[in-house]
Amino acid sequence: MERYCTIVKYKASPFSCCFPFTLATYMTGLKNEELIRQCNDILLKIGELVQIHDDYIDCYEDPAISGEIGTDIETRKCTWFIVTAMQRATPEQKAILADCYGYHDPDKVEKVKEVYDELDLRSAYATFLQDRYKVLYNLIDQLSNDIPPELFNNYFL
C-alpha cells in the first residue's frame, strides 16, 4: 500500500492539484510558505482520493455511465483494489489473483472481481474514503482564515 500511495502521490496529484494552486498563489501574491505547504499537503491527499475513486470507476462503474472502459485489471495496473485484495486475500485467493490479473480474458477479469467481492472491497473502499475525508476535513479546519475552506470542498465534494 505504501508503494501504491507513493505512485499516486507523484502520478497525478502534483499536476492536477498542487501546481495550479501554487501558480495561483504566486499570481495573487500570497507569500506565506507555511500556508502554501499546508495547502499542498491537503491537495496531495485530495489527489490520492481522486485516483482511488478512478480505480473504483474503472473496476465497478458501467462504462455507459462513466464514459470509461475499465481496463486496469487487464493491463495489470497497480490499483487500490488489487493492493488491498493482496493484503486481505487467503493463499487460495492470492493464487487466483496471480493467475488472472493482467490478462485480456473476460473470464479471468470476472474471477478477479469475484475475489474482490469475496473480500468485500466495496465496503472497504467506502470505509477507507470516510476515514480519508475525516483527515482532510481536520486538516482544512486547521488552516488559517487566509484560505477559504470552500476552495478545497470544490475538489472532492
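Student: Where does Asp120 lie?

Tutor: Asp120 lies in the loop that links helix H7 (106–118) to helix H8 (121–141). Helices here are DSSP runs of H or I with at least four residues, strands are runs of E with at least two, and both are numbered from the N terminus. Before we look around, please keep in mind that this is a predicted model, in which local features need pLDDT of at least 70 and side-chain atom pairs count only at pLDDT 80 or more, while totals for chains, interfaces and linings use all residues. Residues are numbered from 1 along each chain as its sequence is written, and side-chain values use heavy atoms, with hydrogens and water left out.

Asp120 is not a glycine, yet its phi is positive, near 55°. With 40% relative accessibility, Asp120 counts as partly exposed (buried means under 20% relative accessible area, exposed over 50%, and partly exposed in between, using a 1.4 Å probe and protein chains only). Arg76 sits in the loop between helix H4 (63–66) and helix H5 (80–88), and with a relative accessible area of 52% it is exposed.

In H7 you will find Glu110, which is partly exposed at 43% relative accessibility. Glu110 and Phe128 are 18 residues apart along the chain, and 24 Å separates their C-alpha atoms.

From H5, the contact uses Trp80, Phe81, Thr84, Ala85 and Arg88, and from H8 it uses Leu121, Ala124, Tyr125 and Phe128; contact means heavy atoms within 4.5 Å. By type, these residues are seven nonpolar, one polar and one charged. Here Ala, Val, Leu, Ile, Met, Phe, Trp, Tyr, Cys and Pro count as nonpolar, Asp, Glu, Lys and Arg as charged, and the others, Gly among them, as polar.

Trp80, Phe81, Leu97, Tyr116, Leu121 and Phe152 have the most contacts inside the largest nonpolar core, which has 42 residues. Such a core is a set of buried Ala, Val, Leu, Ile, Met, Phe, Trp, Tyr and Cys residues joined through side-chain atoms within 4.5 Å. At least two core residues come from each of helix H1 (2–11), H2, H3, H5, helix H6 (91–100), H7 and H8. H3 gives the largest share, 11 residues. Leaving aside residues up to four places away in sequence, Leu97 touches Ile82, Ala85, Met86, Ala89, Val112, Val115 and Tyr116.

Tyr116 is also a partner of Thr79, which touches Tyr4, Asp55, Asp72 and Tyr101 as well, again not counting residues up to four places away in sequence. Thr79 is in the loop between H4 and H5 and is buried, with a relative accessible area of 5%.

Ser13 belongs to H2 and is buried at 0% relative accessibility. Ser13 and Leu44 are 31 residues apart in sequence, but their C-alpha atoms are 5.4 Å apart in space.

Finally, take a step back. The protein has nine helices and zero strands. Its C-alpha trace spans about 55 × 25 × 25 Å along the principal axes, and buried residues make up 38% of the 157 residues.
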